[in-house]
Amino acid sequence: MFNVVNTQGRHEALKAFNELKLGRESKFVIYKLNDAKTQIVVDKVSNDQSYDAFTEQLPENDCRYAVYIFEYEVAPGEGKRSKLIFYQWSPDTASVRSKMVYASSKDALKRALNGVATEIQGTDFSEVTYETVLDHLLSRGFR
């Protein structure tokens with residue numbers, strides 16, 4: 001059976017997620033599969049507050065997973081809200097093998113990440129714009 005998250009990879013992936021969730025200086029974590037495609041590892045961790053800085057880290061031709069603290073305001077004066085969002089980035093330009101391996105291993109990571117509000121699946125950058133993600137949240141009742 002294909003086991004994508006071994007003990008070491010799981011520990012590293014969960015540690016980065018828990019630090020993000022606890023607000024310890026990071027805004028997002030991007031995950032990738034190692035070269036052997038046998039485990040999920042942390043690719044990047046950043047505290048850059050810009051949503052554009054996050055989406056710029058998604059490669060044009062390869063898949064990734066990410067968790068991002070998405071901050072938004074429903075209406076002026078109602079205060080800011082934030083949600084942890086899981087992203088599955090699988091651009092149309094990625095290889096078929098990469099898309100298949102990432103799709104089949106997603107649940108192993110997602111199950112381990114407790115506290116994620118919703119999931120965004122992106123196949124091109126238009127599907128992960130700030131406005132698109134905000135519309136997704138609001139349509140799911142996250143007000």
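Modeller: Buried here means under 20% relative accessible area, and exposed means over 50%. Keep in mind that this is a predicted model. I pick helix 4, residues 130-139. By that cut-off, Val133, Leu134, His136 and Leu137 of helix 4 are buried. Seen down the helix axis, these buried residues fall within an arc of 155°, so they line one face of helix 4. An α-helix has 3.6 residues a turn, so residues three or four places apart point the same way. The other side of helix 4 carries exposed residues: Glu131, Asp135 and Ser139.

What does the buried face meet? Its residues pack against helix 2 (51-56), and also against strand 3, strand 4 and strand 5.

Five strands make up an open sheet, ordered 2-1-3-4-5, with mixed pairing. Strand 2 (40-46) and strand 5 (118-122) are the edge strands, each pairing on one side only. Neighbouring strands are turned by 30° against each other on average, direction ignored. Helix 4 packs on this sheet and touches strand 3 (64-73), strand 4 and strand 5. The direction of helix 4 makes about 75° with that of strand 3.

Two of the touched strands pair with each other. Strand 4 (residues 80-89) and strand 5 run parallel, joined by five bridges. Gln88 has Gln121 in strand 5 as its bridge partner.

Last, the end of the helix. Just after helix 4, Gly141 takes a positive phi of about 85°.

Notes
Residues are numbered from 1 along each chain as its sequence is written. This is a predicted model: local features need pLDDT of at least 70, side-chain atom pairs count only at pLDDT 80 or more; totals for chains, interfaces and linings use all residues. Side-chain values use heavy atoms; hydrogens and water are left out. Two strands pair if DSSP finds at least two bridges between them. Helices (H or I, at least four residues) and strands (E, at least two) are DSSP runs, numbered from the N terminus. Axes are lines fitted to C-alpha atoms, for helices over the stretch in contact, and angles run from 0 to 180 degrees between N-to-C directions. Contact means heavy atoms within 4.5 Å. Buried means under 20% relative accessible area, exposed over 50%, partly exposed in between (1.4 Å probe, protein chains only). The arc is that of the directions from the helix axis to the C-beta atoms.
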